[in-house]
Amino acid sequence: MGAATVYVLGTLTTLLCAVLLMRAYARVRQRLLLWSGICFVGLTLSNALVFVDLILLPTEVSLYVARLGTAAVSMSLLLFGLIWEGE
Amino acid sequence: MSMFEGFLIGVIVAASLASALFFLKFWKHTRDGLFLAFSAAFFIEGVNRMGPLFIERPNEGSPAIYVVRLLAFVLILAAIVRKNRAPAH
Amino acid sequence: MEAEGLSEDVLRFLLDRIESVPHLEALLLMWQSPQASWTREEMATRLYVAPEAAAQLMGDLARHGLVTVGAESPPVYRYAAEWDEGGLLMPKIAATYSRQLVRVAQLLHSKASPGVREFARAFQIKKDRS
């Protein structure tokens, strides 16, 4: 139960960041907001997959690569945005 | 752990630590605590992501790993709350 | 970040509440005529910027509590003297800006880019932009 709470809270946090960033992007069209927003959308997905994988799915099925893959793509996009739009 | 999984972890760790450095620079320029929180969060996560390299069944993680991740997120949440409570910044 | 030679309170003010040189100039302009009010077109003319940019400047200054936005339509902007207790800091800022123009400009230019500022602003959930 404690583990599930941690996964859900993590998902909600990244979701909040994603919503705030995308909302701001819709308003001011600042590219850094877009890239970081997409990153947090991806991290939300990655966190949600952790919940699905470890709580909902049986142990024979592993979403590990999907979890890692979405996180890797998300962080790469964030880094791209920070480098390209940060200054 | 397969080589590909190790590779993905490497990408995550490198990108997280690099992002943490960027946020640290932004904090230095703006003195806005929000950036310090993001920097700390991504730094913690970057180091934390290496945890699975050392455990038996990395795809299950361990409670410790997820608690540390939660700590990183709580830092961000706290900074957001603080930003919205302070008067004008 | 060149900060030597600027007194602590002026430095803090510039770091915390002034986004750029045009912001500072707008504020100084309004401080010099505290009873006056400006529309964004008037402000745009005085600052040699587009009206949208002037509205953005005024919005930023209002967010930091330095300027008030009147409820009239079209909105008018006034200097909000209350933020500076005793009216002591503004003269100091004005004097610093005139005597150390290069240093102040360097400080403001070395501040974060618009992308970074907007990132921080995205997390202000209560919006009070004009």
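User: What makes residues of chain B and chain C count as being in contact, and how many are there on each side?
Analyst: The test is a C-beta distance within 7 Å. In this predicted model, 11 residues of chain B and 14 residues of chain C are in contact. On the chain B side, α1 (3–30) and α3 (63–85) each supply at least two residues.

User: What classes of residue make up the side of chain B that touches chain C?
Analyst: That side has 4 nonpolar, 4 polar and 3 charged residues.

User: Why is α3(A) called roughly parallel to α1(B)?
Analyst: Helix α3 (residues 64–85) of chain A packs against α1(B) at about 30 degrees, with the axes 8 Å apart. Angles under 35 degrees count as roughly parallel. Therefore α3(A) is roughly parallel to α1(B). The crossing is left-handed.

User: Which residues make that contact between α3(A) and α1(B)?
Analyst: From α3(A) they include A:Leu68, A:Ala72, A:Met75 and A:Leu79. From α1(B) they include B:Leu8, B:Ile12, B:Ala15 and B:Phe22. By class, the contact of α3(A) with α1(B) has 17 nonpolar, 4 polar and 1 charged residues.

User: Now chain C. Why is α2(C) called roughly perpendicular to α3(C)?
Analyst: Helix α2 (residues 21–32) and helix α3 (residues 40–47) of chain C pack at about 110 degrees, with axes 11 Å apart. The range for roughly perpendicular is 65 to 115 degrees. The angle falls inside it, so α2(C) is roughly perpendicular to α3(C). Their crossing is right-handed.

User: Which residues meet where α2(C) packs on α3(C)?
Analyst: C:Pro22, C:Glu25, C:Ala26 and C:Leu29 of α2(C) meet C:Met43, C:Arg46 and C:Leu47 of α3(C). That contact has 5 nonpolar, no polar and 2 charged residues. Glu and Arg count as charged, and C:Glu25 and C:Arg46 are among the residues here.

User: How do you know that the radius of gyration of chain C agrees with a compact globule?
Analyst: A compact globule of 130 residues would have a value near 14 Å. Chain C has 14 Å, so the two agree. Along its principal axes, the C-alpha trace of chain C spans about 45 × 35 × 30 Å.

User: What makes a residue of chain C count as buried, and what percentage do?
Analyst: A buried residue has 20 or more other C-beta atoms within 10 Å of its own. Of the 130 residues of chain C, 28% count as buried.

User: What pattern do the helices and strands of chain C follow?
Analyst: Chain C has 7 helices and 3 strands. Along the sequence they run α-α-β-α-α-β-β-α-α-α.

Key:
Residues are numbered from 1 along each chain as its sequence is written. Chains are lettered from A and ligands numbered from 1 in the order in which they are written. This is a predicted model: local features need pLDDT of at least 70, side-chain atom pairs count only at pLDDT 80 or more; totals for chains, interfaces and linings use all residues. Helices (H or I, at least four residues) and strands (E, at least two) are DSSP runs, numbered from the N terminus. The radius of gyration is taken over C-alpha atoms; the globule rule is 2.2 Å times the number of residues to the power 0.38. A residue is buried if 20 or more other C-beta atoms lie within 10 Å of its own, exposed if 12 or fewer, and partly exposed in between; C-beta atoms are placed from the backbone. Axes are lines fitted to C-alpha atoms, for helices over the stretch in contact, and angles run from 0 to 180 degrees between N-to-C directions. Angles under 35 degrees count as roughly parallel, over 145 as roughly antiparallel, 65 to 115 as roughly perpendicular and the rest as oblique. A crossing is left-handed if the near helix is turned anticlockwise from the far one by less than a right angle, and right-handed if clockwise. Two residues are in contact if their C-beta atoms, placed from the backbone, lie within 7 Å.
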